[in-house]
Amino acid sequence: MKKGEIMSEIVLKVPASLRLLSLVRSTIKNYLEIEKIDNSDISKLLSVVDELATNAIEHGYNYDENDTLIVKVIKESTKIVIEVEDFGSGFQGEGNSKEEGGMGLNIVRKIVDGIDMVKKDKGLMIRVFKYI
C-alpha cells in the first residue's frame with residue numbers, strides 16, 4: 001500500500017440540523033472504532049467534526065434545515081482526513097479571532113495536524129487531517 005493511499009471512507013449527506021449532529025457523531029464514532037482508531041483520537045476527531053459541522057450549520061446556512069451538509073471521513077494508511085462541506089453563504093475571513101467567528105476553528109487547529117479551507121462559489125469545504 002502506498003503512503004497516503006485511501007484504505008476506506010464514509011460519506012454522510014444529512015440535513016443541516018443541529019439535532020442530527022448526534023447521528024453524525026455516532027456514525028463516525030462507529031466507523032473509527034471499526035477501523036481500530038485509538039479512543040483518544042476518536043474523541044478528538046469527534047470534537048473536530050462537531051465544531052466544523054456546527055459552524056457550517058450556523059454560519060453557512062443560518063440554521064436552515066432545508067439545506068444539506070456533507071461529512072466525509074477517510075482513513076489513509078497514516079492519517080484520518082475529515083471533510084465538512086456546505087453550500088451556504090460561504091466564509092469571510094480567516095477565522096483567527098472571535099470577531100471573525102473563529103473560536104471553533106482555533107479549537108480545531110489545536111487538535112489536527114493540518115487544515116485547508118476551500119472557498120467555493122457557493123459554500124465552503126474544510127478538509128483537516130490528523131496523523132494516527
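## Leu46, tucked inside

Leu46 counts as buried because its relative accessible area is 13%, and the cut-off for buried is under 20%. Keep in mind that this is a predicted model. You'll find Leu46 in helix α2, which spans residues 39-60.

So much for its setting; what does Leu46 touch, leaving aside its neighbours within four places in sequence? Its contacts are Arg25, Ile28 and Lys29. Take Arg25: 21 residues separate it from Leu46 in sequence, yet their C-alpha atoms are 6.2 Å apart in space.

## The nonpolar core

Ile28, one of the residues Leu46 touches, also turns up in the largest nonpolar core. That core has 33 residues, and Ile28, Leu32 and Ile82 have the most contacts inside it. At least two core residues come from each of β1 (6-15), α1 (21-34), α2, β2 (68-76), β3 (79-86), α3 (103-111) and β5 (124-131). The top contributor is α2, with nine residues. As a general point, nonpolar side chains in soluble globular proteins tend to be buried together.

Not counting residues up to four places away in sequence, Ile82 touches Leu45, Val48, Val49, Lys72, Val73, Ile126, Arg127 and Val128.

## Stepping back

Overall, the protein has three helices and five strands. Read from the N terminus, they come in the order β-α-α-β-β-α-β-β.

The protein has 132 residues, and 42% of them count as buried. Of the contacts between residues at least 6 apart in sequence, 62% link residues at least 24 apart.

Notes
Residues are numbered from 1 along each chain as its sequence is written. This is a predicted model: local features need pLDDT of at least 70, side-chain atom pairs count only at pLDDT 80 or more; totals for chains, interfaces and linings use all residues. Side-chain values use heavy atoms; hydrogens and water are left out. Helices (H or I, at least four residues) and strands (E, at least two) are DSSP runs, numbered from the N terminus. Buried means under 20% relative accessible area, exposed over 50%, partly exposed in between (1.4 Å probe, protein chains only). Contact means heavy atoms within 4.5 Å. A nonpolar core is a set of buried Ala, Val, Leu, Ile, Met, Phe, Trp, Tyr and Cys residues joined through side-chain atoms within 4.5 Å.
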